[in-house]
Amino acid sequence: MSQSLTSVTGNRLNVVVDASPLRDSRRNAGIGRYVASMLVALSKRDDLDLHTVTPWLRPRRDTLVVRWLNAQPGLALVRARHPSALLHGMASEASLAWPPGRQVVTLHDVIPWTRDIRTIPTKRYIDYQASRLRRCATIIAVSKSAAAEAIEQLGLEASRVHVIPEGVEAVFGAVPGGDDTITRRRLGVPESGYVLWVGTLLHPDPRKALDVLIDAMTQVGDATLVMAGAPGDESRRLAQAANELGLRLVLPGFVTDAELAALYRGAGAVAVPSLHEGFGLPVLEALACGAPVVATTAGNLADLAGSAAVLVTPGDATALAEAIGGLLHNQEERARLAAAGPAVASAYSWSHTAEMTVAVYREVLGVD
């Protein structure tokens, strides 16, 4: 690790990244994807001295407060070695170990500040974070809708909020892989025509509206639902519900990016029934793979997908069922979406996200 004590060495910026989400359950969720992808993209640049900090141990409990506390000792140690470096918190939280004026924080959504929190430690932590975020040098919001919500909900100064969208990995492409069929067979999914949902299934998340999706699928008829993501309490609950309803459900568990791309390319429809999404990375990945998408208009989804997806009202299981069923039985519409999706996704890349992010670093540090 570099021992430089200045924010700039030659033309290289000293930047510390809080990568603590890679040590807890967030590593298999959208935030984990963001952190991992950004670290790769930033590490390829020749204008950064990048220092990645992950906690020595996994948190004893996977809660907001414990995860955050678990990350602070490592950040404090690096702060002592690099007191003038800029800290980038990539998971919607500011650090106690760093002056707010030298912190850039990526805010994915404001859901923690809109929930009915009943425990005193969590409530205090949420209030503390809101106060600290208001004092950070800059907030990066992953979408215009996330920025607007953050400004309103947290009282942030609009001039200090920068909108920088996420990217999509090169593995997610519309050209079929030579082993796509073998991959899908190995994962236990039908060769094609299934309905795909992607996300973590470790714990229930009301924002994802998975009960709405289950309800919709019972109305679609003879179709298989594939739900890909890290298994846990939520996957077990959904498996039981599907069994009781007689719904064909396949749970392949956590899949690699290459496997996920194969699942996208074979799907008759990708369903995103969320009640809220700060960005909507599964939608972007599906579009890049030429998969027909049915999503709600919640959060950033409508702005992200536009006419390259079929959009429905959040929480309406009947509308969702009609949209999914319509796609499964309309080859012409699937073909239109398959052509439109990659064109939309081509505007997004992690290298471009990194380029815009470094521009923010330079603005904060006052470097041309």
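Reader: Buried means under 20% relative accessible area, exposed over 50% and partly exposed in between (1.4 Å probe, protein chains only). Which residues in α7 are buried?

Author: In α7, the buried residues are E234, S235, L238, A241 and A242. They lie on the same side of α7, because they cover an arc of only 125° around the axis, taken from the directions from the helix axis to the C-beta atoms. This is a predicted model, in which local features need pLDDT of at least 70 and side-chain atom pairs count only at pLDDT 80 or more, while totals for chains, interfaces and linings use all residues. Residues are numbered from 1 along each chain as its sequence is written, and side-chain values use heavy atoms, leaving out hydrogens and water.

Reader: And which exposed residues are on the face turned away?

Author: That face of α7 carries R236, Q240, N243 and E244.

Reader: What do the buried residues of α7 pack against?

Author: They pack against α6 (210-220), β9 and β10, where contact means heavy atoms within 4.5 Å. Helices (H or I, at least four residues) and strands (E, at least two) are DSSP runs, numbered from the N terminus.

Reader: How do β9 and β10 pair?

Author: Strand β9 (residues 225-228) pairs with β10 in the parallel sense, over three bridges; pairing requires at least two bridges found by DSSP. L225 stands opposite L249 in β10. From β9 the chain passes through helix α7 (residues 233-245) to β10, in a right-handed β-α-β crossover. Right-handed means that, with the strands pointing away from the viewer, the path from the first strand over the helix to the second runs clockwise.

Reader: Why is β10 largely enclosed?

Author: Strand β10 (residues 249-253) has four of its five residues buried, so the rest of the structure largely encloses it.

Reader: New topic: how many residues has the largest nonpolar core?

Author: That core has 79 residues, and L133, L196, Y264, V270, V283 and Y361 have the most contacts inside it. A nonpolar core is a set of buried Ala, Val, Leu, Ile, Met, Phe, Trp, Tyr and Cys residues joined through side-chain atoms within 4.5 Å. A second, separate core of 30 residues includes V212, I214, L238 and A271.

Reader: Where is S92, then?

Author: S92 is in the loop between β4 (86-89) and β5 (103-107). Its phi is positive, about 65°, although S92 is not a glycine. Most residues other than glycine have a negative phi. S92 is buried, at a relative accessible area of 12%.

Reader: And is A209 buried or exposed?

Author: A209 counts as buried, at 7% relative accessibility. A209 sits in the loop between β8 (195-198) and α6, with a positive phi near 55°.
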